[in-house]
Amino acid sequence: MKPASQEPIDPDQPLQHGSSSLRFSRYKNFHRDRLKKQRSERTHVTFHGTSRSLKRSRSAANLFRIFVSMLGRRRKTLVLALAVLSLSTILALLPPAATKLVIDYAFTGEALPASVSTWVPSSWQLDGHPRRLLLAIAIALVIVAFASVACGLTGRWQATKATRTLAVALRKKVFDHAVRLPLNRVSELRSGGVASLLREDAGGIAELIFGMIYNPWRAIIQLAGILVILAFTDWRLLLGALVLLPMVWFTHRTWIGRIRPLYRDIRAQRSNVDAHATEVFSGMRVVRAFGRDRSETARFISGNHMLARQEIHAWWWSRITETTWALAIPIASAALLLYGGTQVLEGTITIGDLVMFLTYLVLLLGPIETLASSATSFQTNLAGLDRVLDLLDEPRELPDRENAIMFDEANAEGCIEVMDLGFTYPRATEPVLHDISFTARPGQLIAFIGASGAGKTTLCNLIARFYDPSLGSIRIDGVDLRDIRLDSYRNLIGIVEQDVFLFDGTIRDNIAFGRRGASDADIHSAAEAANALEFIEDTPRGFDTLIGERGVRLSGGQRQRLAIARAILANPRILILDEATSNLDTQSERLIQSSVDQLLKNRTTFAIAHRLSTIRHADLIIVLEGGTIVAQGTHDSLMESNDHYRDMVAAQTAKAERPEQDMLTN
């Protein structure tokens with residue numbers, strides 16, 4: 001048997017279990033194999049089990065073009081920033097040249113060269129006056145410094161403003177697209193992972209303004225300016241300095257080929273850690289109820305240990321390139337100093353030339369280092385851009401047809417016709433529903449009953465158009481739902497679920513979620529109609545009381561009544577109820593039953609019923625079994641004609657009577 005550290009990774013199973021050291025050992029083996037396959041295979045399976053291209057489908061040049069197109073109207077701002085930056089950078093290159101003037105002319109008292117004296121007014125009489133020349137150079141340096149700093153600050157402000165506004169725009173674009181993904185895809189996106197995608201990847205893209213444009217542009221201007229100055233000083237010294245430039249290419253290739261994939265994996269691992277933490281705190285009651293506090297903490301720590309190991313691994317590869325620079329630069333500088341000193345001794349160049357050259361050589365390291373570090377920055381953020389583009393390339397939920405119509409909400413009657421309906425979930429092989437046909441007249445209550453897994457919730461999801469049918473059609477007032485714009489149809493829908501979801505905000509905000517721009521009077525009336533007003537007024541701040549995440553500070557019955565108030569305020573034409581009173585105690589159920597009856601008036605209502613006693617008065621009861629309709633009719637007609645329905649009623653009646661008998665015998 002192979003040692004654990006040598007076990008191959010199964011590409012079909014994401015590696016999520018085991019100690020962090022074991023997982024990291026397997027990860028390194030995986031990464032090594034991944035690099036070997038890079039030359040021959042177009043795709044690979046990542047550490048987290050998803051298909052990913054190593055030979056990127058989007059090249060760096062393509063990603064750069066996409067990024068520039070994302071800038072939009074900010075391109076003009078960025079061009080202005082780069083123009084001001086160029087001026088600031090050129091001005092910053094002037095002070096080192098002053099060292100030559102000071103050494104060769106101010107210290108020696110020699111006359112200024114013609115190239116310099118033409119810029120000096122004759123009245124200043126600097127030639128032959130070393131102190132005046134030294135003072136003039138000092139004043140000029142101060143003026144140049146102020147001008148350079150002012151231009152640099154202006155350019156950086158413009159670039160920073162473009163970065164921040166772009167980050168907001170990109171987060172909005174990603175969020176807007178993510179909330180419109182198909183429901184099955186949304187369920188795959190863990191909340192912490194989405195937060196990481198929005199915060200780090202979408203936000204990091206905006207930093208490409210600095211990492212891929214602003215800082216490299218400044219470095220290029222510095223590099224070009226210094227090389228021009230060095231060329232005028234001594235072209236042979238310039239050739240020695242140019243030996244350092246290939247190291248930029250080497251560093252860049254190292255980042256693309258080896259380190260960039262590491263940072264993609266680090267981002268993916270960080271998303272998993274964030275998602276796990278979010279999940280644990282969302283389900284804290286369950287975690288504590290089953291005594292899993294320590295195990296979940298251990299799992300969180302293990303994930304962070306794995307993340308730390310990956311980050312340290314990437315850090316070491318980064319330090320290899322830095323160490324190469326740290327050794328090569330002093331060696332090159334010593335060689336140039338030796339050669340330049342020899343030239344001074346031979347009288348080929350002056351001491352001022354050598355000092356100026358060595359000063360610019362030190363300055364040359366700055367832009368080269370910037371270009372090298374930019375590879376770190378923008379390659380890392382390009383990985384984030386890749387992930388964001390992957391998400392944006394995913395199709396949205398049920399895109400509207402080309403000729404989709406806006407539905408007239410005011411004149412909608414609410415007649416729903418389900419015709420030969422069949423549905424299969426994405427990536428599933430067996431249909432969930434088949435051969436479903438019925439008609440819901442305006443204002444009718446249609447109840448769906450059946451065992452768990454019979455297809456009740458799926459059928460309601462199709463009516464709400466969270467999915468489109470695989471076969472058949474659903475029509476409202478004679479129009480196929482797929483021929484109606486999705487937002488237009490959704491405005492007709494109201495949903496009250498058994499598992500109520502409330503937002504972390506005030507009671508007022510949660511009720512008002514049902515209708516944009518609702519007045520305080522409308523919110524008050526909806527709460528009163530749902531019999532929620534009594535407990536709301538008993539809270540410390542009334543409608544302004546904070547209820548916590550998912551309404552954790554409220555009881556189940558109170559949350560249910562707020563959900564009903566929200567639906568009442570929305571005033572939908574079509575209502576979907578998932579046993580809306582199931583979480584209420586007897587007193588609360590009696591309080592709002594009349595409100596529910598009021599809510600049903602003049603609305604086509606579809607109710608998923610778990611307790612048959614609540615749907616006796618339904619206009620049509622549909623019995624589902626195995627994804628198809630086995631019976632439909634009123635309660636009375638089904639009791640007379642359908643044995644399956646009678647057995648269901650008898651079974652529930654027996655269950656309801658048995659607890660009462662047990663209480664009497666005890």
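Buried means under 20% relative accessible area, exposed over 50%, and partly exposed in between, with a 1.4 Å probe and protein chains only. The model is predicted, with local features requiring pLDDT of at least 70 and side-chain atom pairs pLDDT 80 or more, while totals for chains, interfaces and linings use all residues. Residues are numbered from 1 along each chain as its sequence is written, and side-chain values use heavy atoms, without hydrogens and water.

The aromatic pairs come first. Rings of Phe, Tyr and Trp (its six-membered ring) pair if their centres lie within 6.5 Å; planes under 30 degrees apart are stacked, over 60 edge-to-face, and the rest tilted. The count by this rule is ten aromatic pairs. One of them joins Y425 and Y467, whose ring centres are 5.4 Å apart with planes at 90°, so the pair is edge-to-face. Because Y425 lies in the loop between β3 (416-423) and β4 (433-440) and Y467 in the loop between α15 (456-463) and β6 (471-476), the pair ties together parts 42 residues apart in sequence; strands (E, at least two residues) and helices (H or I, at least four) are DSSP runs numbered from the N terminus. Y425 is partly exposed at 25% relative accessibility, whereas Y467 is buried at 12%. Ring pairs link F423, Y425 and Y467 into a cluster.

F501 and F503 also form an edge-to-face pair, because their ring centres are 5.1 Å apart and their planes stand at 80°. F501 is partly exposed, with a relative accessibility of 37%, and F503 is partly exposed, with a relative accessible area of 37%.

Elsewhere, R185 lies in helix α7 (residues 183-188) and is partly exposed at 22%. R185 and P395 are 210 residues apart in sequence and 10.0 Å apart in space, C-alpha to C-alpha.
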